[in-house]
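Okay, everyone, thanks for coming. Let me put today's structure up, and then we'll walk through some charged pairs and a bit of the sheet.

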Amino acid sequence: MTVFADEVETYLAGVPVRYREPLRAVAEVLAAKLGIQPKISYGIIAFTLSGKYGIYISGWKDHMSFHGGHFLEPLAETHPELFTRKGATLWFQDQPPLPEAAIDAVIAARLASMPEELIPENIRG
């Protein structure tokens, strides 16, 4: 288990028990793949890429979410078994467990929505 900065650990501790470890697992995969540690921004867990661009995750009483913008919307159509679209967010559950390929799809969608010159070199494809 990865130990994140105190503010992120405090956030995770406040997530309902059902979602705490699944959300931590998503954060760990994002941290490993993006090569950055999460922080708290807008009151939720944030992986900030080049200033205003980022991937945000959160845990609520009845779901977990990816936030970050309209770039996420098509993923609800291509992966309806995993995601439900609510505005510009994707809701997901602890069951079935979110496969790493789904997290890869979120990362790919975020990167595709960014100007090439703002994509950090360590994650350029």
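Let's start in helix 2, where Glu-21 and Arg-24 sit three residues apart, about one turn of the helix. Helices here are DSSP runs of H or I with at least four residues, strands are runs of E with at least two, and both are numbered from the N terminus. Quick housekeeping: this is a predicted model, so local features need pLDDT of at least 70 and side-chain atom pairs 80 or more, while totals for chains, interfaces and linings use all residues. Residues are numbered from 1 along each chain as its sequence is written, and side-chain values use heavy atoms, with hydrogens and water left out.

Back to our pair: Glu-21 and Arg-24 form a salt bridge, with the closest N and O atoms 3.8 Å apart. That term means a side-chain nitrogen of Lys or Arg within 4 Å of a carboxyl oxygen of Asp or Glu. Glu-21 is partly exposed at 45% relative accessibility, but Arg-24 is buried at 6%. Buried is under 20% relative accessible area, exposed is over 50%, and partly exposed is in between (1.4 Å probe, protein chains only). Glu-9 joins these two in a network of salt bridges.

Another one pairs Asp-94 with Arg-18, at 2.9 Å from N to O. Asp-94 is in the loop between strand 6 and helix 4 and Arg-18 is in helix 2, so this pair ties together parts 76 residues apart in sequence.

Last stop, strand 4: Met-64 and Phe-66 point one way, Ser-65 and His-67 the other, and all are buried.
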